[in-house]
Amino acid sequence: MTEYTRGELNNLAKREVQYYRKTYKYHPVPAKLKYWKLILSDSGSVTLAITLQTWQGLRQINVAI
């Protein structure tokens, strides 16, 4: 199992926000990182849930880590 520090998770979240901005670059206002949290499943998998503030409201991106 890989261990991540808080800073590494924050950088991963920021990278995902940059990818989102590039993918949806036609939106009038760029997305901003609102917050992120870790979700642990019963099976033992870990998901990084990233919440973005977009021009349409809040949007969540889930990344398996």
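Good morning. The structure before you is a predicted model. I shall begin with the chain as a whole. Its secondary structure comes to 1 helix and 3 strands, and from the N terminus on the elements run α-β-β-β. The C-alpha trace spans about 40 × 20 × 15 Å along its principal axes. Of the 65 residues in the chain, buried residues make up 28%. The accessible surface comes to about 5000 Å², and 51% of that surface belongs to carbon and sulfur atoms. As for charge, there are 10 positive and 4 negative side chains, with the centres of the two sets 17 Å apart.

Let us now turn to the strands. Strand 1, residues 32-40, pairs with strand 2 in the antiparallel sense over 8 bridges. One example is Leu40, whose bridge partner in strand 2 is Val46. These two strands form a hairpin with 5 residues between them, and in the turn Gly44 has a positive phi of about 100°. On to the next pair: strand 2 and strand 3, residues 57-64, also pair in the antiparallel sense, over 8 bridges. Here Leu48 has Val63 as its bridge partner in strand 3. The hairpin formed by strand 2 and strand 3 has 2 residues between them.

Why is strand 2 described as largely enclosed by the rest of the structure? The reason is that 7 of its 9 residues are buried.

Thr51 is found in strand 2. Is Thr51 buried or exposed? Its relative accessible area is 4%, and because the cut-off for buried is under 20%, Thr51 counts as buried. Setting aside residues up to four places away in sequence, Thr51 touches Lys32, Leu33, Lys34, Tyr35, Leu58, Arg59 and Gln60. Thr51 and Val17 are 34 residues apart in sequence, while their C-alpha atoms are 9.2 Å apart in space.

With a relative accessible area of 9%, Thr54 is buried. Which residues is Thr54 in contact with, leaving aside its neighbours within four places in sequence? They are Tyr20, Ala31 and Arg59.

Finally, I return to the whole chain. Among contacts with a separation of 6 or more, 30% are accounted for by residues 24 or more positions apart. Thank you for your attention.

Technical notes. Residues are numbered from 1 along each chain as its sequence is written. This is a predicted model: local features need pLDDT of at least 70, side-chain atom pairs count only at pLDDT 80 or more; totals for chains, interfaces and linings use all residues. Side-chain values use heavy atoms; hydrogens and water are left out. Buried means under 20% relative accessible area, exposed over 50%, partly exposed in between (1.4 Å probe, protein chains only). Contact means heavy atoms within 4.5 Å. Helices (H or I, at least four residues) and strands (E, at least two) are DSSP runs, numbered from the N terminus. Accessible areas come from the Shrake-Rupley method with a 1.4 Å probe; for residues, only the protein chains shown count as cover. Lys and Arg count as positive and Asp and Glu as negative; His and the chain ends are not counted. The place of a charge is taken as NZ of Lys, CZ of Arg, CG of Asp or CD of Glu. Two strands pair if DSSP finds at least two bridges between them.
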